[in-house]
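Work through the exercises below with the sequence and the model open. Try each task before reading its solution.

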Amino acid sequence: MSDFVDRVTVHVKGGDGGNGSAGIKREKYKPLAGPNGGNGGDGGSVIFVADRNATSLLDYRFMPHRTAGNGTMGLGDNKDGSKGEDLILPVPCGTVVFDRKGREPLADLRHPGDRFVAAAGGAGGLGNVALANKTRRAPGFALLGEPGEERDVVLELKSIADVALVGFPSAGKSSLIAAMSAAKPKIADYPFTTLVPNLGVVMAGDRRYTIADVPGLIPGASQGKGLGLEFLRHIERTEIIAHVIDCATLEPDRDPMSDYHALEHELAQYADSLDLPLGAIPIAERPRIIILNKVDVPEAKELAEFVRPEFEKLGLRVFVVSTASHEGLRELTFALADMVARMREQVAAREDAAEAERVVIKPLESPRANRRAPAGKQNLLEFSIERGNDDEGNPVFIVTGAKPERWVRQTNFDNDEAVGYLADRLARLGVEDELRRKGARPGDAVQIGRGARAVEFDWDPTIAAGAELLDGSQLGARGKDLRLADDGGRARRRTNAERREQYKAMMDAKSAVRAAMQAEREAGHWADPSIDDDRHDTTSLFGRGEDADAADGADGADGADSGENRGE
C-alpha cells in the first residue's frame, strides 16, 4: 500500500466556550454585596497552516478527528476563564480545503504560512458582572458558553511543481525523473508502474526547480478511465507541461503525433472543469515542450528525427533524450531552468495584479463589538419568522437568525431569571412584535432554530413587548432575582430590635410546644418507653416477643401454683 495520500476527509471541531460565573460578593454586614462572576474563556480554533516540511496528508487518514481545546469556566472575584488552546494542523503547500457537503472551495493554501480557520471556537459566556444593570443589580445567572463549530472538510493536495511530465503509460517518465534528480521512483517494464505522483528536485547550475511525474494518461482519463482523473489535479499548479513521448513503442495504433494530440485532448477536457485561483495561468496558455524519449533504440532515433520537424511547425520546442545513455539530458535540464525562471516572473506579476483588484472585506475582530441598532429600527435581516403547521395542524412559528439562535445556546433554561433575560433580549430585537404581525396568538408554539439544538415553547407575550404600552416604555425586566426582592424584607437588614423580637417569638413558640406535649403526656396520650406495656411487640426495646399461646399457658400455670400456695 502506498504512503502517498492526496485526498482525505477530516472532521474538525472547535473548542467549546466556558460558562460564565454567577458569583456574589460576601462581605461583612453586606449580604449579596454585588456580582463578581467573571466571563468564561473562549474555545480554541482548528487552524490549517501551509508548511514546507509537510509532504503528505497521511497523518489525517489515520487520525481524521481533530478537536481544539475548550475554554474554562469563569470564577468569582471577577476572574475570567482561560482561552482554549488553538489546534494548529500543518498541511503541504498546495492543499485546497473543500466543504464536504457542497464541494465548495473554502481555502487555497498555496504559499508557506497561509492559514485557514476550519472550525472556530465557541465564545465564552458572560458572567453576572457583565450582565448587571440598574434593573438587575446582582444577576443570579450567567450565560453559557457557546459550542465550537463542528463540520467535515475535505483536504485535497495539488502538488506545486514547476514542470509536469505527462505521457502515456510506460513512456519513461519515472526513468526521466530518476535521471534528472535524486528521486527514486519505482521503474518497471509494465504499464501503470507509477501509482502515485513523484516529485524530484533538479539543479541546473545555481538554479533549482521541481518536476512532477504524473501517473500515465490514456484516452478517456478526464472521464475517469485509468488513473489519470485521480491525479490530474497535480498538474493544475505546474507552470510548464512537458510531453514525454515514447518513440520505441510497438503498438500499431500509436505514433508520436497521435500521442501528443490524445494527451492535449484529455488536458483540454480536464481544464474546462477547473476553477483556477486568481493569477493562475490557464492550462491552455501554459508553455509546452516535447521530450522524445528512448532514442537509445535505433528505430526510435530514426522516428524522433522524422517527427521532430512536425512538432517544430506547431511552435513547440523538441528535445531528443535517452534516460539509458543520458543523451540530451543536460540540454533539457538547462532549457527547463530558463523556462521556469521566465514563468515564475510572469506568475508573480499576474498574482500581484489579481491581488490589487481583489476587494477584501474584513469583519469586526470581536463579535461582541457589534453596535446595537436604535430602538424601533432593528435590522429585520437579523432574524426571520416562518409559519408552518405541526402534525396535528396547529400553527408553529419558526424563528431563525444568528442572534436568536446564539442567545438560545447561551441560556440556562433551569434558571427562571436566565429565561426572563432571554425573553427581554428577544423583545428588544423585535421578535415578539414580528410574531404579532405574523398572526401569532398566546399559546401558539414558537420554535427558535432548527435541528437538534432547536428550542420550542408556547408563546406568552407580555405587555412590555406588545403594542399596549402607548409610550413604548418597558415595565421592567422579566425574571427578577428573588434574592434582592423587597417583598417580606428579604433584601433589607434587620434591626437589633427586630432580631430580639423575632428571637423572643421563637422561644415563646418553643415553650408553648413543650407545655402542650407535657399536658398530653400527663393525660395518658403518650406512653412511657421505659414501661413494657406489650411483651408481644417484637419492635419494642424491652418487649420479649413471646408467643401469645405460650404466654397464656404460662399465666395459667402460674395461677395454679398460686392457688396451691394459697391453699397451703
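A salt bridge here is a side-chain nitrogen of Lys or Arg within 4 Å of a carboxyl oxygen of Asp or Glu. This is a predicted model: local features need pLDDT of at least 70, side-chain atom pairs count only at pLDDT 80 or more, and totals for chains, interfaces and linings use all residues. Residues are numbered from 1 along each chain as its sequence is written, and side-chain values use heavy atoms, with hydrogens and water left out.

**Exercise 1. Which residue forms a salt bridge with Glu146, and how far apart are the closest N and O atoms?**

Step 1. The partner is Arg406, at 3.8 Å.

Step 2. Glu146 lies in the loop between helix H2 (128–131) and E8, and Arg406 in helix H8 (residues 402–410). The pair links parts of the chain 260 residues apart.

Step 3. Glu146 is buried, with a relative accessible area of 10%. Arg406 is partly exposed at 26%.

**Exercise 2. Explain why the Glu386 and Arg450 pair ties together separate parts of the sequence.**

Step 1. Their side chains meet in a salt bridge of 2.8 Å, N to O.

Step 2. Glu386 lies in strand E15 (residues 384–389) and Arg450 in the loop between strand E17 (445–448) and E18, so the pair ties together parts 64 residues apart in sequence.

Step 3. Both count as partly exposed: Glu386 at 41%, Arg450 at 47%.

**Exercise 3. Is Asn293 buried or exposed?**

Step 1. Locate Asn293: strand E13 (residues 288–293).

Step 2. Read the relative accessible area. Asn293 is at 0%, so Asn293 is buried.

Step 3. List contacts (heavy atoms within 4.5 Å). Leaving aside neighbours within four places in sequence, the partners of Asn293 include Ala171, Val244, Cys247 and Thr323.

Definitions and conventions. Helices (H or I, at least four residues) and strands (E, at least two) are DSSP runs, numbered from the N terminus. Buried means under 20% relative accessible area, exposed over 50%, partly exposed in between (1.4 Å probe, protein chains only).
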